[in-house]
Amino acid sequence: VLLSTAMGCCGSSAPLEYPDAPENAAAAEAAAQQKFDAGGPVQLSGVDVVIRGGTVPGRKGPWLPFVRMDTSRVPKEFYTQDHMYISHVQSGMFWVTDGGAITATAEDESSASVFHFEVGETQPGSKITDGDFVRVRDYQTGNYLTAQDDFNKLTMEPLRPTGKGNEQQEFELGKIARPARFRHNDIVFLESWLSCVVEADTGCAETPLLARRWKRGPPQQIMCRKKRLLEDKSTEVARQMQFQAFDLTGNAMVTRSEMGYFLQQIKEGTDGVSLDDVMAACDPEQVGGATRENFAAWADSGTMPEAFFNHGEALGNVAQRVRDCLEEEAALIEVLATLPSDLIEKTRATFVLLTGEDLVEKIVAKTSEQDGYIFSNYWQLAMKQLLVDPVDLWCQALQDAMDGLGTDEDTLTALVCTIPEEFRDSIHQRYKERKGQSLLAHIKSETSFNYQKVLLAQATPALC
């Protein structure tokens with residue numbers, strides 16, 4: 001399991017969810033920690049993966065969740081009173097209304113009307129799923145889509161009370177594919193109270209909306225697009241993950257060949273796009289490829305649709321995962337060697353929460369698989385040391401330089417003279433706990449004369 005702060009192996013799409021998910025992620029994580037401390041089932045809301053509703057489900061084989069949990073992004077799921085644009089799939093035209101008549105004549109979102117769905121007496125923010133009976137409300141005028149019969153054009157009228165024609169303003173939502181949740185860019189049908197499906201009359205210049213036929217086909221298909229999602233710019237986390245996915249070779253740069261591959265593979269938004277123009281925009285310094293900063297600036301400029309980067313992220317992640325599986329040892333080295341030291345303990349704790357196993361023990365088991373080691377398994381030792389707390393690592397190195405027969409003066413000098421200032425006090429405290437004597441006392445017992453004075457002066461903690 002790789003954190004998003006590590007490599008580009010993390011995936012995209014929505015977080016994995018399991019039943020009975022708490023609505024408040026912060027409260028869920030606090031409750032998870034309490035359960036974990038008490039030895040109970042675990043829930044986790046982390047950087048990449050969300051596991052809710054108890055213990056991790058049993059799985060066979062490797063667990064590769066293609067998930068990027070970026071909680072700052074607008075969710076793709078629709079909720080009641082989420083603003084949306086509605087388009088007729090066959091013609092590509094958007095619904096527009098003046099509060100009375102309603103047609104499918106707007107060429108894009110800028111000239112289209114904004115709508116939202118209401119479901120019965122539910123509160124704003126309630127989930128919308130396949131099979132719900134919805135009311136379609138125009139945001140500007142407050143009027144509702146109305147199907148008086150199966151012959152006349154659909155109109156927008158004020159809300160009708162129960163028992164006075166309210167059924168004419170309710171439509172059954174039918175999705176064209178799974179899952180049941182209603183999401184951004186879903187293709188759906190709206191069925192009126194007479195079981196007729198809403199469609200746009202493309203044979204008429206006005207392209208009015210009708211509900212005359214029971215048939216569900218291309219003329220009846222509509223697509224709903226979430227207004228906030230269209231207006232939302234990608235976050236820094238998303239751009240970082242997208243850059244890592246586009247960087248197939250892992251050299252911290254998106255080269256011309258890599259960009260050409262994605263332009264060839266992704267069809268949406270790439271018609272008429274020149275590779276030369278793209279590289280000129282994302283590599284203005286002409287250094288041979290796009291750096292992460294230039295890539296993010298180009299992506300945020302809006303010259304390419306956001307769907308291009310989302311699809312590219314998915315493609316890149318699949319390629320990266322395949323590469324990691326084929327070269328698993330190289331991937332393990334790459335991840336552990338680039339893990340920031342201040343995230344080591346958090347990574348180990350998160351691994352326990354996600355898998356119920358200790359990361360170091362798993363690495364020991366993994367590195368024990370290789371044959372050919374006679375005396376020392378340095379591959380295993382190196383991998384274990386990459387997960388050691390930095391303070392413990394310094395204490396261990398200092399102790400190794402002085403323990404045993406003789407003192408490794410070159411190593412001791414190099415270590416004492418390069419102790420990080422932020423770790424100095426912690427190293428002295430931890431060393432005494434491990435060794436039973438202070439670092440200064442140990443140095444004094446192993447050295448002499450002017451060399452001793454220099455090392456003691458260099459190793460003295462700031463508190464002394």
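Trainee: In this model, does K175 count as buried, partly exposed or exposed, and at what relative accessibility?
Mentor: The model is a predicted one. Buried means under 20% relative accessible area. K175 therefore falls in that class, since its relative accessibility is 11%. The class asked for is buried, at 11%.

Trainee: With which residue does the side chain of K175 meet in a salt bridge?
Mentor: Side chains of opposite charge can pair when their charged atoms come close. For K175 the N to O distance of the pair is 2.9 Å. The pair links distant parts of the chain, with K175 in strand 10 (residues 171–175) and its partner in strand 11 (residues 186–191), eleven residues apart. That partner counts as buried at 15% relative accessibility, and the residue is D186.

Trainee: How many residues apart in sequence are the parts tied together by R213 and E199?
Mentor: The side chains of R213 and E199 meet in a salt bridge at 2.9 Å, N to O. R213 is partly exposed at 38%, and E199 counts as buried at 10%. R213 lies in strand 13 and E199 in strand 12 (residues 197–200), so the pair ties together parts whose separation in sequence is 14 residues.

Trainee: How many salt bridges does a search of the whole structure find?
Mentor: The pairs K175 with D186, R216 with E191 and R213 with E199 are salt bridges. Salt bridges also link E118, R135 and E170 in a network. For the whole structure, the search gives a total of 19.

Trainee: Why is helix 3 described as largely enclosed by the rest of the structure, and which helices do its buried residues pack against?
Mentor: Helix 3 spans residues 236–246, and eight of its eleven residues are buried, so the rest of the structure largely encloses this helix. Among the buried residues are M241, F243 and F246. The buried residues of helix 3 pack against helix 4 (256–265), helix 6 (292–300) and helix 7 (306–326).

Trainee: Which residues does A252 touch, not counting residues up to four places away in sequence?
Mentor: A252 lies in the loop between helix 3 and helix 4. A252 and R292 are 40 residues apart in sequence, with their C-alpha atoms 7.3 Å apart in space. With residues up to four places away in sequence left out, A252 touches F243, D247 and T291.

Trainee: Are helix 4 and helix 5 parallel, antiparallel, perpendicular or oblique to each other?
Mentor: Helix 4 and helix 5 (residues 275–282) pack with their axes 10 Å apart, at an angle of about 125°. Their crossing is right-handed. In the contact, R256, M259, G260 and L263 of helix 4 meet L275, D276, V278, M279 and C282 of helix 5, and these residues divide into six nonpolar, one polar and two charged. The two helices are therefore oblique.

Trainee: How is helix 12 oriented relative to helix 13, roughly parallel or roughly antiparallel?
Mentor: The axes of helix 12 and helix 13 (residues 409–417) come within 8 Å and cross at roughly 150°. An angle over 145 degrees counts as roughly antiparallel. The orientation of helix 12 to helix 13 is therefore roughly antiparallel.

Trainee: Which residues does Q399 touch, not counting residues up to four places away in sequence?
Mentor: Q399 has its place in helix 12 (residues 390–402). Its relative accessible area is 16%, so Q399 is buried. Residues up to four places away in sequence being left out, Q399 touches Y431, R434 and K435.

Methods: Residues are numbered from 1 along each chain as its sequence is written. This is a predicted model: local features need pLDDT of at least 70, side-chain atom pairs count only at pLDDT 80 or more; totals for chains, interfaces and linings use all residues. Side-chain values use heavy atoms; hydrogens and water are left out. A salt bridge is a side-chain nitrogen of Lys or Arg within 4 Å of a carboxyl oxygen of Asp or Glu. Helices (H or I, at least four residues) and strands (E, at least two) are DSSP runs, numbered from the N terminus. Buried means under 20% relative accessible area, exposed over 50%, partly exposed in between (1.4 Å probe, protein chains only). Contact means heavy atoms within 4.5 Å. Axes are lines fitted to C-alpha atoms, for helices over the stretch in contact, and angles run from 0 to 180 degrees between N-to-C directions. Angles under 35 degrees count as roughly parallel, over 145 as roughly antiparallel, 65 to 115 as roughly perpendicular and the rest as oblique. A crossing is left-handed if the near helix is turned anticlockwise from the far one by less than a right angle, and right-handed if clockwise. Ala, Val, Leu, Ile, Met, Phe, Trp, Tyr, Cys and Pro count as nonpolar, Asp, Glu, Lys and Arg as charged, and the others, Gly among them, as polar.
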